[in-house]
Amino acid sequence: MTALFWILFIVDVLLCLLTVLGKDFRDSFGASDINTWFTVLLFVGTLGGLLARLVFRKPQVSLWLVAVPVLVMFVWYLIDTRAAK
């Protein structure tokens, strides 16, 4: 469970970096920023998971917090692939 937490935490941190750094790239194409809620979810999940793990000593809560953004992205992917058919 500890390894899964740290793997998901690293994925969340990398997604946060990609979201923040990729925002200007997306804006350069004239696309609107419709994913603000996902950026907020990423930061809340990442920071909340780290706080729950290290400060409050709640490993199961921290695992859920870092897993939520990955689950949202997976569901989002499934919805987009279903809509493309």
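Predicted model: local features only at pLDDT ≥ 70, side-chain atom pairs only at ≥ 80, totals over all residues.

Me: How many helices and strands does the protein chain have?

Reply: Three helices and zero strands. The order from the N terminus is α-α-α. Helices (H or I, at least four residues) and strands (E, at least two) are DSSP runs, numbered from the N terminus.

Me: What does the C-alpha trace span along its principal axes?

Reply: About 45 × 30 × 20 Å.

Me: And what share of the residues is buried?

Reply: Buried residues are 24% of the 85 in the protein chain. Buried means under 20% relative accessible area, exposed over 50%, and partly exposed in between (1.4 Å probe, protein chains only).

Me: What about the accessible surface?

Reply: The accessible surface is about 6,100 Å², and carbon and sulfur atoms hold 75% of that. The areas come from the Shrake-Rupley method with a 1.4 Å probe; for residues, only the protein chains shown count as cover.

Me: Which residues make up the largest nonpolar core?

Reply: Six residues: Phe5, Leu8, Phe9, Leu63, Val66 and Ala67. A nonpolar core is a set of buried Ala, Val, Leu, Ile, Met, Phe, Trp, Tyr and Cys residues joined through side-chain atoms within 4.5 Å.

Me: Which helices supply it?

Reply: α1 (2-28) and α3 (59-84) each give at least two residues to this core.

Me: Then where is valine 70?

Reply: Valine 70 sits in helix α3. It counts as partly exposed because its relative accessibility is 28%.

Me: What is valine 70 in contact with, leaving aside its neighbours within four places in sequence?

Reply: Leu8, Val11 and Asp12. Contact means heavy atoms within 4.5 Å. Valine 70 and phenylalanine 9 are 61 residues apart along the chain, with 9.9 Å between their C-alpha atoms.

Me: Back to the whole chain. Among contacts between residues at least 6 apart in sequence, what share joins residues at least 24 apart?

Reply: That share is 67%.

Me: Now α2. How many residues does helix α2 have?

Reply: Helix α2 covers residues 36-54, 19 residues. From first C-alpha to last it reaches 27 Å, close to the 27 Å expected at 1.5 Å a residue. The expected span is 1.5 Å times one less than the number of residues.

Me: Which residues of α2 are buried?

Reply: Phe38, Thr39, Leu42, Gly45, Thr46, Gly48, Gly49, Ala52 and Arg53.

Me: Where does arginine 57 lie?

Reply: In the loop between α2 and α3. Arginine 57 has a positive phi of about 55°, although it is not a glycine. Most residues other than glycine have a negative phi.

Me: Why does arginine 57 count as exposed?

Reply: Because its relative accessibility is 62%.

Me: How many Å separate the C-alpha atoms of alanine 83 and threonine 39?

Reply: The separation is 23 Å, and the two are 44 residues apart along the chain.

Key. Residues numbered from 1 in each chain as written. Heavy atoms only, no water.
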